[in-house]
Amino acid sequence: MSDFIAGPRDQGLYRLAAGTLLVAFQGTTAPEWVLRELENGLGGVTLFGFNVADHEQLCALSERLRAAGDPVVSLDEEGGDVTRLAYHVGSPYPGNAALGAVDDVELTCDVYRAIGDDLARCGVTLDMAPDADVNTADDNPVIGTRSFGSDAALVARHTVAAVHGLQSAGVAACVKHFPGHGATRQDSHLEIPLVDASLELLHERELVPFRAAIEAGTKSIMTAHVQVPALTGGLPSTISPAALTGLLRGELGYDGVVISDALDMKAITDAYGLAGGAVLSLAAGSDLLCLGPIPTEPDIQKIISEIVAATGDGRLPVARLEEAAERVARLRSWSGEPRRAAAGQSTIGLTAARRAVRLTGPAPELVDPLVVEVDTPPTIAVGEVPWGFHPWLSQAEVVRVKPESADVPALLESAAHRSLIVVVKDAHRYETSRSVVSALLAARPDATMVEMGLPIWRPEGVTYLATYGAARANAQAAAELLGV
């Protein structure tokens with residue numbers, strides 16, 4: 001604990017400040033400093049793929065964390081491309097884009113119930129999902145297949161289904177990213193994205209899923225580091241009182257836990273600093289601060305010190321911290337309620353992925369197929385999660401090429417007298433990928449193209465298969481359809 005702790009009042013302030021933080025750490029066991037701070041009132045932890053080795057290890061980790069304090073144990077398990085439980089192999093569940101393409105709310109509820117069961121068995125109490133963004137920007141670099149779609153009503157009904165599914169398993173949902181990240185063309189991990197929408201358009205589009213989620217009883221909502229000039233002026237929403245207190249709390253009437261998106265993202269740190277952004281976000285109305293994987297123990301101490309200092313200089317009323325603590329206590333109490341035993345391992349993910357696959361054109365009759373996967377750089381939100389056909393195409397040759405260095409003539413020579421399958425992910429966002437695919441298809445119009453991102457760029461005249469995501473379940477469903 002910091003040296004400034006002098007008496008009961010200071011110790012109480014320290015616990016209130018620490019109680020707003022969701023910290024992260026490297027490795028598959030909890031460091032001593034995390035366990036110590038949990039004893040001192042730390043709010044909880046956010047786990048990432050590098051914290052997860054397998055089910056038994058994660059169970060042991062969450063049990064050790066709970067033995068040290070009363071933490072919120074959270075992670076991002078959206079299914080699809082964004083997975084932490086299956087970070088090293090790919091998710092057994094399709095993501096939101098696939099579920100939106102099927103448009104069966106009972107299926108969405110079942111998938112999220114299965115995800116919730118998986119998390120509950122591992123001791124996770126809060127899932128930073130579902131993504132409720134209405135993805136209206138085709139070239140959105142951070143949302144894409146994480147969204148249920150571009151129609152506000154569709155996104156709303158599936159957001160509600162996802163909330164019901166998760167929370168029926170005893171895992172709190174965290175609907176994100178308020179007030180909407182779907183109309184952006186920048187990545188908030190790197191800069192402050194702009195949502196150039198009027199207040200009227202926000203209410204007609206971005207806010208529809210959040211309003212529905214509030215009515216459905218979501219236990220938490222995550223902020224977005226997006227600037228909405230009509231609402232937030234020049235501020236990102238995460239530190240905007242107009243967005244969090246005026247709109248979310250006041251107009252929409254939400255009284256659950258508000259969680260910041262990761263404060264180590266450059267949209268916050270570049271302009272406000274980590275500790276400064278933490279104080280501003282709490283003052284604006286956040287209750288828990290997700291700090292992301294970058295801050296270290298000294299950074300955490302600086303944040304706590306800054307929050308305590310802000311209560312003394314007028315930037316942050318103590319009553320705001322007490323309000324946050326009360327909301328988080330309600331969340332913990334709800335998470336601790338007894339519920340029925342979790343179900344066994346479900347096959348609902350593969351069932352959903354099979355229903356989502358869309359084939360345009362004749363199904364190919366494959367002969368000694370060559371599968372060319374055009375590599376796509378990972379986004380920061382997704383990380384280095386494996387994707388592609390390799391685990392499922394034992395009867396085919398699978399090669400992965402980088403589009404900027406792909407040797408098209410050599411690939412065509414290898415594919416001579418063989419079936420050719422070209423696999424891409426979000427080709428509409430990468431000109432180099434489209435160039436490689438176009439060159440291959442120009443020489444081989446009989447080839448089959450598989451899009452494992454959003455099916456926006458569709459070359460004419462070829463058999464085209466869309467999976468609406470690159471999860472392991474999506475690849476297996478596509479492989480089955482191709483018959484290899």
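This is a predicted model: local features need pLDDT of at least 70, side-chain atom pairs count only at pLDDT 80 or more; totals for chains, interfaces and linings use all residues.

Biologist: At what angle do the axes of helix 5 and helix 15 cross?

Modeller: The axes of helix 5 (residues 105–121) and helix 15 (residues 348–356) cross at roughly 145° and come within 9 Å. Axes are lines fitted to C-alpha atoms over the stretch in contact, with angles from 0 to 180 degrees between N-to-C directions; helices are DSSP runs (H or I, at least four residues) numbered from the N terminus.

Biologist: Which residues make the contact?

Modeller: Leu-107, Asp-110, Val-111 and Ala-114 of helix 5 meet Ile-348, Ala-352 and Arg-355 of helix 15, where contact means heavy atoms within 4.5 Å.

Biologist: Turning to cavities, how many are there of 30 Å³ or more?

Modeller: The whole structure has 3. On a 1 Å grid over the protein atoms alone, a cavity is a set of points where a 1.4 Å probe fits but cannot get out, and lining residues have an atom within 4 Å of a point. Grid points are joined across faces, edges and corners, and a volume is the space filled by probe spheres set on the points.

Biologist: What is the volume of the largest cavity, and what lines it?

Modeller: Its volume is about 220 Å³. The largest cavity is lined by 21 residues, with Asp-81, Thr-145, Thr-379, Val-382 and Asp-426 nearest its centre.

Biologist: And the second largest cavity: how much space lies there?

Modeller: The second largest cavity holds about 70 Å³, and its lining includes Asp-81, Thr-145 and Tyr-468.

Methods. Residues are numbered from 1 along each chain as its sequence is written. Side-chain values use heavy atoms; hydrogens and water are left out. Helices (H or I, at least four residues) and strands (E, at least two) are DSSP runs, numbered from the N terminus. On a 1 Å grid over the protein atoms alone, a cavity is a set of points where a 1.4 Å probe fits but cannot get out, and a pocket is an open set with protein on both sides within 12 Å along at least five of seven lines; lining residues have an atom within 4 Å of a point.
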